[in-house]
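Here's a quick briefing to read alongside the model. Keep the sequence and the 3D view open as you go.

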Amino acid sequence: MKGLVIKNTGSWYVVRTGGGEQVNCKIKGNLRLRGFRCTNPVAVGDVVRLEPKPDGTAMITSIDERRNYIIRRASNLSKEFQIIASNLDQAVLVVSLANPVTNTTFIDRFLATAMAYRVPSLLVINKVDLLTADDDRMLLDAVRRLYESIGYTVLATSTVTGEGVDALRLSLQGKMSLFSGNSGVGKSSLINCLVPGAGLRVGDVSAVHHTGMHTTTFSEMLDLAGGGAIIDTPGVKGFGTIDFERAEVAHYFPEIFEVGKECRFNNCTHTHEPGCAVLRAVEQSRISQSRYASYLSIITDDPSDKYRKEDYGQ
């Protein structure tokens with residue numbers, strides 16, 4: 001029997017079979033003994049094979065080959081990475097520019113990781129109703145122009161005024177979409193607008209630290225009325241990359257990769273080499289300082305220090 005993993009609670013997986021039945025499942029022991037270097041060998045979005053048990057539960061015995069997936073560095077010291085979700089049509093990164101402010105390095109690391117694992121990205125700037133001052137609106141316009149100029153689709157949304165929600169709903173139709181973002185950016189509120197009856201808990205933002213408090217505690221797939229589904233994931237405070245070859249990082253920054261074709265040396269790292277077109281473009285503001293700083297933050301990651309505290313969140 002085969003099914004689709006629609007929820008991961010940490011101790012149980014909920015699998016929806018072809019007949020629409022939802023079955024609580026555990027992982028067969030040998031799945032954890034096949035060289036997996038992750039905290040969760042099974043992820044929401046996986047197509048799996050089941051071995052039914054007399055009590056109505058089942059064992060997950062194998063996982064079909066994934067079309068794609070997104071991973072992040074795990075905080076669990078005994079493992080290396082966490083699979084966020086698999087078999088995706090797009091990754092929706094929800095950010096905010098006020099209460100809390102999403103760090104641009106977090107944004108860039110997420111977008112680079114999605115590109116590395118062949119998942120198209122959509123950037124959603126939420127809580128735009130809070131951006132009432134002229135400087136705030138200028139910041140919104142600048143961030144939007146930056147990422148649109150690179151080639152990303154950017155939507156500005158507010159669950160308070162309804163701005164952009166219909167456009168977001170349209171962009172999700174018929175697609176399997178991962179929703180991710182820092183805690184407190186309003187991801188759960190957005191999903192409650194998009195999926196009537198979802199009833200996700202909405203948390204407050206700390207007045208002291210200006211960061212969100214986790215409300216989603218496990219990953220879950222939520223079906224959309226018009227077709228497609230959202231995979232909701234717990235809010236993350238950082239996004240550590242993993243398994244990036246230093247020489248390939250520029251490939252995941254489209255503007256750096258394109259300009260890098262003009263560099264004098266084919267193996268240019270875009271850090272110090274003479275005749276580096278990327279360094280020249282940064283000096284001339286044709287490549288943004290923030291994007292270049294994010295590129296440097298990845299290529300200077302210490303691969304031997306995979307478990308250090310992540311500081312690329314808020």
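Serine 183 counts as buried, at 4% relative accessibility (buried means under 20% relative accessible area, exposed over 50%, partly exposed in between, with a 1.4 Å probe and protein chains only). This is a predicted model, where local features need pLDDT of at least 70, side-chain atom pairs count only at pLDDT 80 or more, and totals for chains, interfaces and linings use all residues. Residues are numbered from 1 along each chain as its sequence is written, and side-chain values use heavy atoms, with hydrogens and water left out.

**Around serine 183**
- You'll find serine 183 in the loop between β11 (176-180) and α4; helices (H or I, at least four residues) and strands (E, at least two) are DSSP runs, numbered from the N terminus.

**Helix α2**
- Helix α2 (residues 134-150) has 17 residues and should span 24 Å at 1.5 Å a residue, which agrees with the 25 Å between its end C-alpha atoms (the expected span is 1.5 Å times one less than the number of residues).
- Leu140, Val143, Tyr147 and Ile150 are the buried residues of α2.
- Looking down the axis, those buried residues fall within an arc of 105 degrees, so they line one face of α2 (the arc is taken from the directions from the helix axis to the C-beta atoms).
- Asp134, Met138, Arg145 and Ser149 are exposed on the other side of α2.
- The cover over the buried residues of α2 includes α1 (104-116), β9 (121-126), β10 (153-156), α5 (254-260) and α7 (289-299), with contact meaning heavy atoms within 4.5 Å.
- Just after α2 comes glycine 151, with a positive phi of about 125 degrees.

- Most residues other than glycine have a negative phi, and most peptide bonds are trans.
- Asparagine 99 and proline 100 are joined by a cis peptide bond, with omega about 0 degrees.
- Proline 100 sits in the loop between β8 (90-96) and α1, and asparagine 99 is in the loop between β8 and α1 too.
- Asparagine 99 also has a positive phi, near 50 degrees, despite being a residue other than glycine, and is partly exposed at 40% relative accessible area.
- Lysine 127 isn't a glycine either, yet has a positive phi of about 60 degrees.
- The loop between β9 and α2 holds lysine 127, which counts as buried at 16% relative accessibility.
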